[in-house]
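Trainee: Could you take me closely through the salt bridges of this model, and through the surroundings of the residues that form them?

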Amino acid sequence: MEGSKTFVRELETVDGSLLTVAQLSAGDVGCVVWDAAIVLAKYLEAGLVLRRRSVLELGAGTGLVGLMAAVHGADVTITDLEDLQDLMKINIENNKQLITGSIQAKVLKWGESIMEFLPPPDYILMADCIYYEQSLEPLVKTLEELAGPETCIMCCYEERTMGKNPEIEREFFKLLHMNFDVEKIPLEKHNEEYRSEDIHILHIKKKLKESIFGF
């Protein structure tokens with residue numbers, strides 16, 4: 001973060017409080033708040049019971065989505081690479097007066113050990129994590145190892161048509177469908193103000209394994 005200027009994005013919660021999220025003027029993709037993160041953060045306010053639920057956010061970047069869950073009472077761990085830890089911790093500190101659950105930031109590199117994040121959380125959150133081709137297999141591996149049979153993975157992504165983006169999205173879902181069931185949430189169930197035809201929210205759960213007896 002040295003030498004990078006910060007600028008703030010504000011997002012109003014359902015009760016009128018303001019989440020203030022620092023972003024960096026220079027850096028990798030995780031340094032700013034993407035639209036899919038805002039859409040998912042506002043969707044979390046649409047009647048989900050988050051109090052005392054365990055929540056893990058992957059590729060959290062600024063930490064906005066996890067912060068929203070913590071505001072509504074969840075016990076949250078936001079994760080990303082080492083170089084984003086300072087930014088996430090700044091945003092936790094800047095919003096601590098709004099937190100009614102708990103929140104911490106940790107390093108989690110996809111494809112590597114997830115033992116410290118077990119037992120499986122109630123929810124895994126992902127916003128705009130499908131963009132690097134080389135990260136697809138490590139990401140799906142991490143989901144397979146983190147998710148229990150009751151874990152609900154909420155994945156929000158912006159559908160992009162430029163370059164290799166469509167191919168990358170297809171490959172992600174091909175890998176995902178091997179071990180997960182995917183349900184697309186209809187647009188009318190998104191927040192009325194924070195929604196877009198190009199931004200999709202998915203509920204993802206592990207497929208039930210059949211026993212040797214076929215049930």
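Mentor: What follows goes through the salt bridges pair by pair.

This is a predicted model, in which local features need pLDDT of at least 70 and side-chain atom pairs count only at pLDDT 80 or more, while totals for chains, interfaces and linings use all residues. Residues are numbered from 1 along each chain as its sequence is written, and side-chain values use heavy atoms, with hydrogens and water left out.

If a salt bridge is taken as a side-chain nitrogen of Lys or Arg within 4 Å of a carboxyl oxygen of Asp or Glu, the count is seven. One of them joins the side chains of Glu133 and Lys164, at 2.7 Å from N to O. Glu133 sits in the loop between strand E6 (123–127) and helix H4 (136–146) and Lys164 in the loop between strand E7 (152–158) and helix H5 (165–176), so this pair ties together parts 31 residues apart in sequence; helices (H or I, at least four residues) and strands (E, at least two) are DSSP runs, numbered from the N terminus. Glu133 is partly exposed at 40% relative accessible area, and Lys164 is partly exposed at 43%, where partly exposed lies between buried (under 20%) and exposed (over 50%), with a 1.4 Å probe and protein chains only.

Within helix H4, Glu145 and Lys141 lie four residues apart, about one turn of the helix, and their closest N and O atoms are 3.0 Å apart in a salt bridge. Arg160, in turn, pairs with Glu158 at 3.6 Å between the closest N and O atoms, and salt bridges with shared partners join Asp128, Glu158 and Arg160 into one network.
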